[in-house]
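These are my notebook entries on a structure that I am reading for the first time. I record what I looked up, entry by entry.

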Amino acid sequence: MDTPEPGSAAEDEEEKVPEVRPRTRSNPEGAEDRGQPGVGKRSEGEGEAASAGHSPQASPGHGPAWHGPAEVQVKTPRVNCPEKVIICLDLAEEMALPKLESFNGCRSNALTVSQKMIEMFVRTKHKIDKSHEFALVVVNNDATWLSGFTSDPREVCSCLYDLDTVVCQSFNLDGLFNLIQQKIELPVTDNVQTIPPPFVVRTILVFGRPRCQPQFCGGEHVKKLLQCPYFFFDVVYIHNGQDEKEDEGSWKDMFSFFGSLDTKGTNYKYEVPLAGPALELHNCMAKLLAHPLQRPCQSHAAYGLLEGGDSPDSEATV
């Protein structure tokens, strides 16, 4: 009789071990390979959020590069539920400086370009889903609720253009969050991981003050707002960039501050130099069209075309 060779049983066992799929564009975090019991499987690979203990911090001396949370702890269903979008437009005097290069080669100011890109954003989101609602807030020394929530883009755009910039001495970020809390009521579900919310609230701040440090204490009510899985705070920060030769790190410090507000790793933050092309602002606003529950962490997002070459495995094409 033939006898099996020594060690053949061990080799058979090794062959039965399933091969773990690599991290790829369709599987950025190996989500399909993570074994999770019962309820967890329903939300695998879904919208990422981390606890406050993993708040990402951007280093002032290392530019605007952003890294998501090291560990995903809270997940929400990746559903296209209605959004309540609060657009906050800065009216500081810096927004009126004609430094942005327009498509025709002329110089334009950040306020005019921001108004156009906000209108394009609102109209495009409305075409994607007519249940989305929009509100407009203008920010100078204080925040003013200019237009209430509406699903009609014309109502928002009618309040968007007749605005003037003013000299601002401060930026009361606490006042902005207090105003938002007065106007909204965040949804509550029995199970964050499996039950889709009836809606989510997203604030988009278009901010253009490079040297103005915000007034921010961050009380318990603000922390609870920022930690809510159904609230998002995106920022488009317009700064002087290379024009700030004496204090080059000031805008980086400000950008890092906005990053420190992201306790879940789910917000998007963009910085645009004031002396650059206006196209940069439009590109940033276009990237914010994605639903916050369906987009990846910003560090995983890639917007290049596939035919131009493979992007890193850790990135997910939006």
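**Entry 1: helix α5.** I looked up what the buried residues of α5 pack against, and found α4 and β11; contact here means heavy atoms within 4.5 Å. The model is a predicted one, in which local features need pLDDT of at least 70, side-chain atom pairs count only at pLDDT 80 or more, and totals for chains, interfaces and linings use all residues. Residues are numbered from 1 along each chain as its sequence is written, and side-chain values use heavy atoms, with hydrogens and water left out. I note that helices (H or I, at least four residues) and strands (E, at least two) are DSSP runs numbered from the N terminus.

The buried residues I found in α5 are Val 222, Leu 225 and Leu 226. Seen down the helix axis, the buried residues of α5 fall within an arc of 95°, so they line one face of the helix; the arc is taken from the directions from the axis to the C-beta atoms. On the other side of α5 I found Glu 220 and Lys 224 exposed. Buried means under 20% relative accessible area and exposed over 50%, with partly exposed in between (1.4 Å probe, protein chains only).

**Entry 2: the cores.** I then asked which residues have the most contacts inside the largest nonpolar core. They are Phe 231 and Phe 258, in a core of 37 residues. Such a core is a set of buried Ala, Val, Leu, Ile, Met, Phe, Trp, Tyr and Cys residues joined through side-chain atoms within 4.5 Å. Among the elements that each supply at least two residues of this core are α4 (173–183), α5 (220–227), β11 (231–239) and α6 (249–260). I recorded a second, separate core of 33 residues, which includes Leu 100, Phe 121, Phe 134 and Val 206.

Leaving aside neighbours within four places in sequence, I found Phe 258 in contact with Leu 205, Phe 207, Val 235, Tyr 237 and Lys 269.

**Entry 3: the sheet.** I traced an open sheet of six strands in the order β7-β6-β3-β9-β11-β12, with mixed pairing. Two strands pair if DSSP finds at least two bridges between them. β7 (143–150) and β12 (269–273) stand at the edges with a single partner strand each, so one side of each is left without a neighbour in the sheet. β12 runs parallel to β11, joined by five bridges, and I noted Pro 273 in β12 as the bridge partner of His 239.

**Entry 4: strand β3.** How many residues of β3 are buried? I counted eight of its eight. Glu 83, Val 85, Ile 87 and Leu 89 lie on one side and Lys 84, Ile 86, Cys 88 and Asp 90 on the other. β3 pairs with β9 in the parallel sense over seven bridges, and Val 85 has Arg 202 in β9 as bridge partner. Seven bridges also join β3 to β6, again running parallel; there Ile 87 stands opposite Leu 136.

**Entry 5: helices across the sheet.** I found α2 (residues 110–128) lying across β3, β6, β9 and β11, at about 175° to β3. α4 lies across β3, β6, β7, β9 and β11, at about 30° to β7. Axes are lines fitted to C-alpha atoms, for helices over the stretch in contact, and angles run from 0 to 180 degrees between N-to-C directions.
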